[in-house]
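My notebook is open and the viewer is loaded. Here is what I looked up, entry by entry.

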Amino acid sequence: MALRLYNSYGRKLLPFRPLRNKEVRMYTCGPTVWDYAHVGNFRTFLFEDLLRRFLKFKGYRVTQVKNITDVEDRIIRGMKEKGLSRKELATFFEEAFMQDLDTLKIERAEFYPRATDHIPGIKPKELKVGARVSQDHYEKAEARDFALWKAWDEDDGEVYWETELGKGRPGWHIECSAMSMKYLGESFDIHTGGMDLRFPHHENEIAQSEAATGKKLARFWLHSEFLSVSGKEMHKSSGNIVKLRDLLKDGWDPLTVRLFLISAHYRDPINLTQKALEQAQAERERLEQFVSRLRQNRQESPSRHAGLANQLLKSFERSMDADLNTPRAFAALFSFVKRVNKLMDGEKMGTKEAGEILLALKRVNGILGVISFEEEGELSPELLSLIKERDEARSVKDFAKADEIRSQLSKRGITVEDTSRGTVWRREPSLKARVKDKDMEAQDL
Ligand code: AMP
Ligand code: ZN
């Protein structure tokens with residue numbers, strides 16, 4: 001099956017093939033480390049994570065570069081507000097960013113080059129054009145011109161480098177040109193970012209890189225649509241910026257946030273609401289329950305459903321091959337869950353097949369990354385006897401006692417589900433989230 005991706009350069013859905021056999025070189029415009037990253041940023045970083053993981057699933061070796069913009073107007077403003085040096089501020093938020101990546105289970109790129117470590121790599125002789133503008137972010141109308149090198153002015157304070165061009169700092173676009181080519185060569189396979197980067201950032205990158213080398217910078221340009229919050233664009237001035245850490249403080253499990261952010265197709269806008277998160281939470285619980293049921297399945301039915309696991313893998317791959325169509329992939333996954341649950345209800349699922357399905361699910365989750373698959377381990381004899389006591393209470397229809405035991409178990413982080421084969425238990429995911437959350441509060445700047 002062939003992977004097809006939508007190339008913004010030329011606006012076409014095209015079969016993807018890398019320049020080098022079996023190796024994909026990919027550049028991802030990374031964060032500007034002036035504050036904690038917000039959920040919109042992670043919408044984009046997660047689409048890039050899915051792409052990376054799916055390319056590996058398809059058998060490619062991936063080399064990904066994600067730059068860290070550690071010198072920029074917003075950083076200089078932040079330094080002044082907080083009374084920190086550029087390095088102190090940028091290092092703090094770079095570390096916070098890396099922690100957030102881990103929290104959302106975003107795989108690490110191979111390289112995280114920082115702009116300030118690459119200033120000697122910006123060769124003045126290649127800087128042929130460009131007008132000076134005083135801000136890194138400017139209105140579209142002004143963006144015909146862009147700064148390759150930004151001459152120092154008073155607002156920059158201590159932030160400058162002495163070069164042949166004089167005192168100043170690199171423009172944002174040159175940063176990405178210099179670093180992508182340094183790590184990936186003059187031509188590579190995929191360049192990604194959010195929609196807002198198509199113009200001017202990526203057009204400028206293309207203009208200056210291709211003028212310098214005479215070669216095509218990247219073959220595929222992929223862009224994700226924006227995330228809004230309750231139907232509104234996120235803006236500092238509207239006070240509606242939601243950071244990942246805000247959602248964790250509100251008690252949302254990171255994997256619920258991840259599921260929500262990848263549930264829409266990356267080229268469709270996505271809207272963050274309480275309801276959407278609740279839905280994602282319910283979907284995740286359905287998946288966790290499914291895993292617990294498969295693990296605790298002790299049915300010895302003859303193998304009548306061999307090949308089910310393969311069907312799951314096929315439908316998943318087909319969906320993702322179509323320009324990473326995650327809504328279709330989730331729909332296929334949930335209809336599969338429904339079907340297998342039904343088989344288990346009817347005691348028609350053998351242990352061997354259940355094991356195969358678990359393995360297939362692990363492969364699918366290797367890309368989606370929304371099921372924790374943490375070893376549930378064995379329960380202590382005390383908890384096991386509580387579950388047994390509850391089963392007995394239910395069998396004599398003493399529901400008050402059964403409910404009382406359920407709530408005792410819930411306080412200990414164990415959820416029980418009643419099935420035709422008796423009780424299935426699992427550990428409560430949101431409890432794990434709350435523990436992580438506590439660690440985070442101490443780190444706020
Ligand atoms: P920045 O840290 O501002 O350079 O942005 C990092 C990445 O997040 C870039 O790829 C942006 O295009 C992307 N981005 C910024 N805001 C949003 C948003 N609301 N929704 C989706 N992606 C975004
Ligand atoms: Zn960039």
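**Entry 1, a helix pair.** I looked at how H8 and H11 cross, and the crossing is left-handed (the near helix is turned anticlockwise from the far one by less than a right angle). The model is predicted, so local features need pLDDT of at least 70 and side-chain atom pairs count only at pLDDT 80 or more, while totals for chains, interfaces and linings use all residues. Residues are numbered from 1 along each chain as its sequence is written, chains are lettered from A and ligands numbered from 1 in the order written, and side-chain values use heavy atoms, without hydrogens and water.

Helices here are DSSP runs of H or I, at least four residues, and strands are E runs of at least two, numbered from the N terminus. The axes of H8 (residues 274-295) and H11 (residues 351-368) come within 9 Å and cross at roughly 145°; axes are lines fitted to C-alpha atoms over the stretch in contact, with angles from 0 to 180 degrees between N-to-C directions. I found Phe290, Val291, Leu294 and Arg295 of H8 meeting Ala354, Ile357, Leu358 and Leu361 of H11 (contact: heavy atoms within 4.5 Å).

**Entry 2, the zinc ion.** Which protein atoms are the donors of ligand 2? I got Cys29 (SG), Cys176 (SG) and His201 (NE2), 2.0 to 2.2 Å from the zinc ion; donors are N, O and S atoms within 2.8 Å of the metal (3.2 Å for Na, K and Ca), and sites may look incomplete because water is not among the atoms. Cys176 sits in H4 (residues 172-184) and His201 in H5 (residues 198-213), 25 residues apart.
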